[in-house]
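Here is a short briefing for a first look. Start with the chains below, then read on by topic.

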Amino acid sequence: MLLLTCPCCGVTAEETEFANGGEAHLKRFGPGSDDADYEAYMFARKNPRGVHFERWRHIYGCGKWFLMARCTMTLEVFGTYRAQTSEPPAEIVAKIKARRPEWEGF
Amino acid sequence: MSEVVSALAGARASGMVELADAGATGMITLRGDHALLGAAVQAVLGLAMPEVRRVVAGEGAQVLWMSPDELLVITGYDVAPGLAADLQSALGDAFATVAVVSDARALIRLSGAQARDVLAKLCPVDFADFPVGALRRTRAAQVAAAVWRTSDSDWSLICFRSVAGYVWEALVTVAQPGGEVALYR
């Protein structure tokens, strides 16, 4: 069971109040882009063992999307942050580095 | 003109707490930038903008903080269309939406010392830290709901009209005498 804090409304709730939206920070390749890029955008996901960035929606609460960093092995949540960013903010990266010094970075 | 019927048609039940359908209730959804909405609410209703996850109650209207770009005004069923028109004219051409949604939801009132125990059986919320005037959108059993505390022992719950019967039966069931858990004292 994950305990998440929504950065939009500030509620800390268990994961049944939220909905997972897959991997975060995907770069979109639309029509006209290279086939390999498009295929990778559509289908290739990192699926790491360890630090992972995900999209979540506070579906039973304020309804907003946000992003989260967590560990897929221990289910430890490193932090949540607003979705209007293309890479994790420095404080989230610092928190992950503190807990997982061997992490190779985003 | 058709007769207005609330989803639960004035249902009442008694158990660990008193449960009552609030009947036909006026509700107005406001969406847009909160600074814009706050000015309109102040001008039309004379109420301050609620803080995050709070309710501001005045005479004849309550303003509920629903999300970072949404407010819900609870008022009388008959006055809702007029208030909505006033809010719309106060907002003018601003990028905001006003909609009368009185018939979209059911409002259920819970009262009694064990109201928190009853709610905690359905909602994944810690009600120990829940002051009067606080609001929480969450789920009740398996459907979306919002609950707020109007006094020490009085709570309001709204859910969508289509699931009102489900929420009502779930509340009545968990509030049956003999189901006391004494989680909150």
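Arg31(B) is partly exposed, because its relative accessible area is 33%. Buried means under 20% relative accessible area, exposed over 50%, and partly exposed in between (1.4 Å probe, protein chains only). This is a predicted model: local features need pLDDT of at least 70 and side-chain atom pairs pLDDT 80 or more, while totals for chains, interfaces and linings use all residues. Residues are numbered from 1 along each chain as its sequence is written, chains are lettered from A and ligands numbered from 1 in the order in which they are written, and side-chain values use heavy atoms, without hydrogens and water.

**Salt bridges**

- Over all chains, the structure holds 8 salt bridges (a side-chain nitrogen of Lys or Arg within 4 Å of a carboxyl oxygen of Asp or Glu).
- One of them joins Asp69(B) to Arg31(B), with the closest N and O atoms 2.9 Å apart.
- Asp69(B) sits in the loop between strand S5 (61–67) and strand S6 (70–76) of chain B, and Arg31(B) in strand S3 (residues 25–32) of chain B, so the pair ties together parts 38 residues apart in sequence.
- Strands are DSSP runs (E, at least two residues), as are helices (H or I, at least four), numbered from the N terminus.
- Arg31(B) also forms a salt bridge with Glu70(B), at 3.4 Å between the closest N and O atoms.
- Glu70(B) is buried, with a relative accessible area of 6%.
- Glu70(B) meets Arg137(B) in a further salt bridge (3.8 Å, N to O).
- That pair links strand S6 and strand S9 of chain B, 67 residues apart.
- A network of salt bridges links Lys64(A), Arg31(B), Asp69(B), Glu70(B) and Arg137(B).

**Aromatic pairs**

- There are 6 aromatic pairs over all chains (Phe, Tyr or Trp rings, the six-membered one for Trp, with centres within 6.5 Å; planes under 30 degrees apart are stacked, over 60 edge-to-face, the rest tilted).
- Phe53(A) and Trp103(A) form a tilted pair, 6.0 Å centre to centre, with 45° between the planes.
- Phe53(A) lies in strand S4 (residues 51–57) of chain A and Trp103(A) in the segment after helix H2 (90–99) of chain A, 50 residues apart.
- Phe53(A) is buried at 7% relative accessible area, and Trp103(A) is buried at 8%.
- Ring pairs link Phe53(A), Trp103(A) and Phe106(A) into a cluster.

- Asp34(A) is partly exposed, at 48% relative accessibility.
- Asp34(A) lies in the loop between strand S3 (19–23) and helix H1 (35–43) of chain A.
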